[in-house]
Each structure stands twice: as structure tokens, then as C-alpha cells.
Amino acid sequence: MARKKTSPAEDLIDMVSLMPWWAGVGLAGIAYVVLHRLATPVAATTIQHGQIADVMVRTIGASLASIGQYLVPLFCLAGAGVSAWRRNKRRALVSSVSQAGGADALDCMSWHEFEILVGEAFRLQGYRVAETGGGGADGGVDLVLSKGGEKFLVQCKQWKAYKVGVDVVRELYGVMAAKGATGGFVVTSGSFSNDAKEFADGRNVKLVDGHRLFGLIKQARESLASGIGSATAPNPVATARSADESAQASCPKCGSEMVKRTARNGAKAGGQFLGCSNYPSCRGTRALGLAQK
């Protein structure tokens, strides 16, 4: 489908909306100061031969700057507002899912909401996330993660009815090689076929199913609530494995799903363990590393 034509103003708003909201506000201030200086009228002096073209250019430039000193900052502020709205929407979506009882909460959202959710889950781990705007539910690489000079590609599949096959994993692996990415993730709300798992095994492509994603989101929210900053965020591969371990464990007391927690008091303060998702009504725990036993 052809991309809808947009005006320069819409392009500017879209560009600024990809920045943090505070960066958009700062850009608005800088744009006003610069354009205000350029808007100084050309002094009326005797025009010498050969200066007509130069004076005309300066006059036109000053006229455009006099208008732009108000319009450009306004567009920047509009982009900052969109950025802030998107940020609140992402956080609200993550909060809603993380408070749900299980991975079934992923099934009722649209493909676009799913993509936003996946991006925010990685963003909460301290990674810069760029949404490529695939243009549909099956738009190829949907997110680009970056941190410490490394790049990871993410393909999102909001598929509930059937398993993600090996062709999808092969496609992402080929794009990774072409773009020189360190690794990649295929994320789905459902599950993966055995062929897909076998192909990904031993390669730098990680498969994240609905249960693993749910665990990743809950872990990210807990890290945020504990005040763990992005500077200490783990490698996304290790994060996905840890989230997968949490999702597959079951409470020894009530059988409910376990989530990764950090001890705040006692002799083991700062250590991590698996706690029942029904806490505080159930206080069942497991030590990390026992999830597969």
C-alpha cells in the first residue's frame, strides 16, 4: 500500500514525536531563538549594482523566518505532545498487562498494541527502541533495538490461532545478516513450531512466545519499581532467558505462575528469587535455577 502523502508540517511533527517529549520542547526553544535572529528586517540602504539578488534573498529569508519563528516551535511542541501521549499510552499498556493473571492478556490486543507492548518491554530494560512502522500486522522487522553500539532486530507476530513457522525465523535471520545486526528476536503472543525452534537453536535469533513475553514484561515492571536504572539493564538475550525461566516455573504451594523478584530485607537482601504471582495471598517461593526441575 502506497504511503500517504504528508505536508512538511506533518513530517516535522512526526520526526519530533519520535524523540523524548523534553527534547521536542527544547528543540522548540532553539528553533525560536535561531529564527527570531534571522527574522531581522534588511536595513534600507542604497543598493549597489550587483547587490540586488543578494538583498532579495535576504529579504525573502527574513520574511520566511518571521513566520517560521512561531510556526516551527508550534509544530515542535505538537510533536512533543504526541511523544508524551505515546509514552503514557505505552506505560499504561505495560501496566495493564503486567497486572493480569497470565499471558492470555496478550490475546485481546491488536497487532499495533502488541508491537507497542513489545517495544516498551525492551525499552524498560534500558534499550533504545526505534519503531520502523512496518505498515501492517506482518510488516517484517518492526523494531530496532540498540545499546552499547550493538543492534538487535525484532519481528512481532500477533498470531493466536496458529504457530509461527520456520520461514519467519529464516526471514529475520537473513535480514540480520544483511544489516549486520548482533542478534534478533521473533516475538509472538502464541507459540513456535518445532522447525522454528530447531532453526533458531545455536543461532543468534531468540524466540519469545507469549509466556516468555509475559514474564519479560513483569520483570521489567518490577525492575522499574525497584529503581533499577537503564545503566544496569542486562543483555536482552539474558533477560529473555530469565523471563522464560520465571514463566515456566509453578508455585509449590498453589501451582500458580511464578515471577522473578528481588529480596529487599533480611540476610538475602538484593538477591533474586521466584515468587508466586498471587502474592501476598500466597507466599510460595522458589530459588532461581529450579524452574526446570
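**View 1. Val25 in helix H2.** Val25 is located in helix H2 of this predicted model. With a relative accessibility of 38%, Val25 counts as partly exposed, because that class lies between the 20% limit for buried residues and the 50% limit for exposed ones.

**View 2. Helix H2 along its length.** Helix H2 runs over residues 21-38 and has 18 residues. From the first C-alpha to the last, H2 reaches 26 Å, close to the 26 Å expected at 1.5 Å a residue.

View 3. Gly24, Ala28, Ala31 and Leu35 are the buried residues shown in H2. These four cover an arc of only 70° around the axis, and therefore lie on the same side of H2. On the face of H2 turned away from the buried side are the exposed residues Trp22, Ile30 and Arg37.

View 4. Three strands form an open sheet in the order E6-E7-E8, and their pairing is antiparallel. Strand E6 (258-262) and strand E8 (285-286) are the edge strands, each pairing on one side only.

**View 5. The pairing of E7 with E8.** Strand E7 covers residues 272-276 and pairs with E8 in the antiparallel sense over two bridges. Leu274 has Arg286 in E8 as its bridge partner.

Methods
Residues numbered from 1 in each chain as written. Predicted model: local features only at pLDDT ≥ 70, side-chain atom pairs only at ≥ 80, totals over all residues. Heavy atoms only, no water. Expected span 1.5 Å × (residues − 1). Buried < 20%, exposed > 50% of the residue type's maximum accessible area, 1.4 Å probe, protein only. Arc of directions from axis to C-beta. Pairing = 2+ DSSP bridges.
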